[in-house]
Amino acid sequence: MENRRRRNDAAYFLIILTYVLAVVSHPSLISLIFLPVMILHAFTIDLILPKVLSRKIGAKDIAILAVNTIPYIYFFTPLILIPALAFLLSIVLSYTKSKILPQLIGTVGISLLYLPLVQIFGGINIVDIGVYLVWSTYTLTEAIYVEYKLPYRQVSIKQLRVSWLTSLLINVISIIIFPLFVLPLIEPTIRFMKPGEKLKAASQIKELGKKGLKRTILVFSLLLAIILIHLLIF
């Protein structure tokens with residue numbers, strides 16, 4: 001029960017940060033209208049994610065998920081299909097033997113909401129694409145990092161490093177778009193390439209969560225600063 005609560009808290013946190021990034025990128029009346037939608041998403045994750053991971057999702061849960069899609073039918077953008085497919089894949093993979101992939105893909109699905117929200121709020125500029133790439137690759141690798149650190153997960157240091165190196169290759173695009181994007185990549189690069197040993201006991205997980213929260217806020221803050229700098233310059 002304790003692990004479930006922590007996992008859902010992380011999802012709530014990621015939804016809030018993703019929404020704030022999108023609002024700051026393109027503040028508008030529509031962005032305020034979408035605040036209740038984000039609350040709905042958070043409620044849905046709190047209710048349904050544990051059921052998805054335990055393969056106990058039912059017809060009522062499917063109906064609640066369907067309600068979450070209604071705003072995107074009205075404010076449709078093809079980009080919303082990216083996180084939608086991620087969430088669908090997370091559900092499908094929950095019926096396989098993998099315990100990690102549904103969690104990872106579901107997590108990155110939340111951060112993948114950023115660009116569709118930006119499009120809905122006022123249109124996409126080139127820096128938004130850079131934010132999207134850094135934010136989504138960071139949140140995915142951060143989730144892999146947590147899985148690596150857990151003593152009961154079979155995630156290797158090699159898998160973690162390869163994941164982040166792949167992310168860095170992708171984020172060359174972000175740096176070309178706006179060189180300041182190198183800044184939010186520095187701390188994760190150091191940490192993911194030298195993650196240290198796995199935790200020795202489950203009692204250390206709470207401290208891992210606190211440190212992860214601070215580090216994610218750091219990356220978020222640097223992305224926020226880049227958005228504001230770009231708005232001021234251009």
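Modeller: Happy to. Let's begin with a term: a polar contact is a pair of N or O atoms within 3.5 Å; within protein, one must be able to donate a hydrogen and the other to accept it, and residues adjacent in sequence count only if both atoms are side-chain atoms. This is a predicted model, where local features need pLDDT of at least 70, side-chain atom pairs count only at pLDDT 80 or more, and totals for chains, interfaces and linings use all residues. Residues are numbered from 1 along each chain as its sequence is written, and side-chain values use heavy atoms, with hydrogens and water left out.

Colleague: Thanks. Which side chain does threonine 137 join in a polar contact?

Modeller: Threonine 137 pairs with the side chain of asparagine 171, at 2.9 Å. A polar atom of the threonine 137 side chain also lies 3.2 Å from the backbone oxygen of valine 134.

Colleague: And where is threonine 137 found?

Modeller: In helix 8, residues 126–149. Helices (H or I, at least four residues) and strands (E, at least two) are DSSP runs, numbered from the N terminus.

Colleague: Is threonine 137 buried or exposed?

Modeller: Threonine 137 is buried, because its relative accessibility is 9%. Buried means under 20% relative accessible area, exposed over 50%, and partly exposed in between (1.4 Å probe, protein chains only). Leaving aside residues up to four places away in sequence, threonine 137 touches Trp164, Ser167, Ile170 and Asn171; contact here means heavy atoms within 4.5 Å.

Colleague: What does serine 136 touch?

Modeller: With residues up to four places away in sequence not counted, serine 136 touches Val108, Ser111 and Leu112. Serine 136 lies in helix 8 too, and its relative accessible area of 9% makes it buried. Its side chain reaches the backbone oxygen of leucine 133 at 3.4 Å.

Colleague: Let's switch to charges. How many salt bridges does the structure hold?

Modeller: Five. A salt bridge is a side-chain nitrogen of Lys or Arg within 4 Å of a carboxyl oxygen of Asp or Glu. Side chains of opposite charge can pair when their charged atoms come close.

Colleague: Which residues are linked in a network of salt bridges?

Modeller: Glu142, Glu187, Arg191 and Arg215. Within that group, arginine 191 meets glutamate 187 at 2.8 Å, N to O. Both lie in helix 10 (residues 183–193), four residues apart, about one turn of the helix, and both are buried.

Colleague: What about arginine 153 and glutamate 147?

Modeller: Their side chains meet in a salt bridge at 2.7 Å, N to O. Arginine 153 is buried, with a relative accessible area of 19%, and glutamate 147 is buried at 6% relative accessibility.

Colleague: New topic: which residues form the nonpolar patch on the surface?

Modeller: Leu180, Val182, Leu183, Ile186, Ile190, Ile229, Leu232, Ile233 and Phe234, with about 890 Å² of accessible area together. Helix 10 and helix 11 are the elements that give two or more residues to it. Patches are made of residues with over 30% relative accessible area and no salt bridge; like charges are joined within 9 Å and nonpolar side chains (Val, Leu, Ile, Met, Phe, Trp, Tyr) within 5 Å. The areas come from the Shrake-Rupley method with a 1.4 Å probe, and for residues only the protein chains shown count as cover.

Colleague: Where does leucine 180 lie?

Modeller: In the loop between helix 9 (157–177) and helix 10. Leucine 180 is partly exposed, at 32% relative accessibility.

Colleague: One more: why is helix 7 described as largely enclosed?

Modeller: Because seven of the eight residues of helix 7 (residues 114–121) are buried, it is largely enclosed by the rest of the structure. Among the buried ones are Tyr114, Pro116 and Phe121. Glycine 123 follows helix 7 and has a positive phi, near 105 degrees.
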